[in-house]
Amino acid sequence: MPVFNIKSEFEPAGDQPEAIKRLTEGVKSGLKHQTLLGVTGSGKTFTAANVIQNTGKPTLVIAHNKTLAAQLAQEYKEFFPENAVHYFVSYYDYYQPEAYMPVTDTYIEKEAMINEEIERLRHATTQALLTRQDCVIVASVSCIYGLGSPVEYEKVNMRIEIGQKISRNDFARKLIDIFYKRTNADLTPGDFRALGNTIEIMPVSEKIVYRIEFAGNQIDHISIMDGVTRNIHEDNIQSFFLFPAKHFVTPESEIKRALKSIKEELAVRLKELEKEGKILEAERLKRRTNYDMAMIKEVGYTNGIENYSRHFDNRASGEPPYTLLSYFPHKPDGSPDFLTIIDESHVTIPQLGGMYAGDQSRKQNLVDHGFRLPSARDNRPLNFEEVEERLGQRIYTSATPGEYEKEHSKGKEGQIVEQVIRPTGLIDPEIFVRGVVEKGSYKGQIQDFIKETISVVKGGGRTIATTLTKKMAEDLSEYLKEKKIKAEYLHSDIKTIERIEILTDFRRGKFDCLVGVNLLREGLDLPEVEFIGILDADKEGFLRSETSLIQIIGRAARNMKGRVVLYADNITGSMERAMGETNRRRERQIAYNKEHNITPKTIFKKIADITEHMKSDHDKAVAADLKRDEKIYKKNPEKLIRMKEKQMNAAVKILDFETAAILRDEIAKILEMMKNEEKEVSKVIKEEKERSKKRNKL
């Protein structure tokens, strides 16, 4: 049994010991569905970590958005520093899927921006699953989307060892075969560089460099260097494994078979379209598919190659694709042999169930109008029935479980475990209802929120405002800034890493008020928040349902001063039920505190985020050097630039491209800083001129 070792200064307390015991027994006895009904701040993640430790199973934790997944990954890393904890989310910073709108005859080509750091973390995830048993993988719903075959991915990994009989040129060709790119510049993950009798490789999953030296036609020496400083980490290592630089790996013989299969499907589909009288669609499909096949044959790739994945995987029509779930261990009979924790299940379960239908609708349009072959429909997420088949034993965690979790956790196959008592003694926040309209104006709620925020910030706390739309969040954030309140907005249009950085800055006190829509509801752990204003709380709907209101209210339950104001002119049914449930939990916690003589204390949580792990060593080196040269910059920035340029040119002469690239980016940062300072000076001069004009008029 794999060993998981929790590192924590806390022992289970409150309802946690009983919850851990029951859930552990449930997993060991084979229960398929268990629900942990835990209130906000009761330590559901700590309970889940203890169950992982007790059962020893590789674990998949699914969260409904990237921000929450990042937070959970950081928490599990802290609990299991000796084990393999990884973060797996979609690697797109921007993604516009291919689509066709028949009504306007508009074809939209696929556009995507891949985040290389997240791609590296995805590779680290799959490699850990294939080489270790003690894995905790925290993933978004991207875990049910297509990924290359784990069999092929594992099959073509290279074992590299001292004494291996291979020439430098043959070795370089093998690297190209597993999708590594040759470069003469600085190395990035998935690159290699040949210098004399040496080849240097940066694996796709790590920020280190393997330096391999050849003597004749065999490997003579292997060392590991830091990817930026080039300091030797380990010298004279005997061997290591190198995995492919892409998840989709297809041997050359399989490519020929796949192209033949695509050609056969094309012939069948063209006959169907011609029979239906769709001459334009047939010609469009013929030209596009022939072009794609020519590209695949010549360079091994074409834009939209994922639409042919069924042919490359040799799957039958309608057969589900390989996904991250395929990389987890399975029993000899093919059934899953891992634990699944579905975090904030009341949101995550509907998300898992909703991915398939939307994808198929879009693909069907492309197929019907000759943009794609019917097999493109098989490049898809799993449907919900397939997800259910492929998940291991499940623990659903939520303060407000949905009907699915409740129904499946009944009877012989499941159980519901309550965790209502908080070990900290913290009580659910007090709730107040205040009117929206004031003297015929709808500004009443905003003015009241500003007043509350000013009071809270003076005491060192933070506040949250929740709005109904993204536009309202942006406008309110700007309005608060005009009122001298440091505020930022947060919504789904903001990129993954930036969202995490905003939340970390909020906790660190770089700003005092966070404004957002539903991203602020589930799972965000912000113990500094003392006050939450729920604007337009009586606008009944998804964002102001009983479940949503309970989740929002829960964000203030980690601080002993927590308060929530529902801005509403009418009390809706959802508001009444949410307040009733919150007060029930308050009464139970107060009774527990009194019985055990507990004085509530605000949760203290170390401020850390996964972006520290996601930032490249290159970026860290640039920032560290600029910090060190801060004094020189203040005295004479032009002199600092000249000095950096001289160092950069010297590094290029000795082929030290990593150092040259760092210096290049330092110069760019210095120029940017100078430009920003010039803007500030110009702004001050302009403002002073305007004030001078006003004084002259007076």
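These legends walk you through several close-up views of a predicted protein model.

**View 1**
Start by getting your bearings. The C-alpha trace spans about 80 × 75 × 60 Å along its principal axes. For 698 residues, a compact globule would have a radius of gyration near 26 Å, and the 29 Å of this protein agrees with that. Of the 698 residues, 52% count as buried.

**View 2. Tyr100 and Phe371 form a tilted aromatic pair.**
The protein has eleven aromatic pairs, and here is one of them. The ring centres of Tyr100 and Phe371 are 4.9 Å apart and their planes meet at 35°, so the pair is described as tilted. An angle of under 30 degrees would have counted as stacked, and one over 60 as edge-to-face. Where in the chain do Tyr100 and Phe371 lie? Tyr100 belongs to strand E5 (residues 99-101), while Phe371 sits in the loop between helix H10 (345-368) and helix H11 (384-390). Tyr100 is buried, with 8% relative accessibility, and Phe371 is buried with a relative accessible area of 8%. Look for Tyr107 as well: Tyr100, Tyr107 and Phe371 make up one aromatic cluster.

**View 3. Phe449 and Phe531 make another tilted pair.**
In this pair the centres are 5.9 Å from each other, with 35° between the planes. Phe449 comes from helix H13 (residues 444-458) and Phe531 from strand E24 (residues 529-534), so this pair also links distant parts of the chain, 82 residues apart.

**View 4. Strand E24 sits between its neighbours in the parallel sense.**
Follow Phe531 into its strand, E24. Strand E21 (residues 462-466) pairs with E24 in the parallel sense over five bridges, and Thr466 has Ile534 of E24 as its bridge partner. E24 also pairs in the parallel sense with strand E25 (residues 563-567), this time over four bridges. Here Phe531 stands opposite Arg563 of E25. To get from E24 to E25, the chain passes through helix H16 (residues 546-554), making a right-handed β-α-β crossover. Six of the six residues of E24 are buried, so the strand is largely enclosed by the rest of the structure.

**View 5. A charge rests over a ring at Arg434 and Phe432.**
Find the ring of Phe432 and then the charged end of Arg434, which sits over that ring. The distance from the charged end to the ring centre is 5.9 Å.

**View 6. The largest nonpolar core gathers 34 residues.**
In soluble globular proteins, nonpolar side chains tend to be buried together. Which residues have the most contacts inside the largest core? They are Ile52, Tyr76, Phe80, Tyr87, Val136 and Ile395. Several elements each supply at least two residues, including helix H1 (16-28), helix H2 (44-55), helix H4 (116-131), strand E3 (84-88) and strand E17 (339-343). Helix H3 (66-79) is another such element, and its seven residues are the largest share of this core. Another core, of 30 residues, lies apart from this one, and among its members are Leu129, Leu130, Leu147 and Leu324.

How values were computed: Residues are numbered from 1 along each chain as its sequence is written. This is a predicted model: local features need pLDDT of at least 70, side-chain atom pairs count only at pLDDT 80 or more; totals for chains, interfaces and linings use all residues. Side-chain values use heavy atoms; hydrogens and water are left out. Rings of Phe, Tyr and Trp (its six-membered ring) pair if their centres lie within 6.5 Å; planes under 30 degrees apart count as stacked, over 60 as edge-to-face and the rest as tilted. Buried means under 20% relative accessible area, exposed over 50%, partly exposed in between (1.4 Å probe, protein chains only). A charge sits over a ring if NZ of Lys or CZ of Arg is within 6 Å of the ring centre and within 35 degrees of the ring normal. A nonpolar core is a set of buried Ala, Val, Leu, Ile, Met, Phe, Trp, Tyr and Cys residues joined through side-chain atoms within 4.5 Å. Two strands pair if DSSP finds at least two bridges between them. A crossover is right-handed if, with the strands pointing away from the viewer, the path from the first strand over the helix to the second runs clockwise. The radius of gyration is taken over C-alpha atoms; the globule rule is 2.2 Å times the number of residues to the power 0.38.
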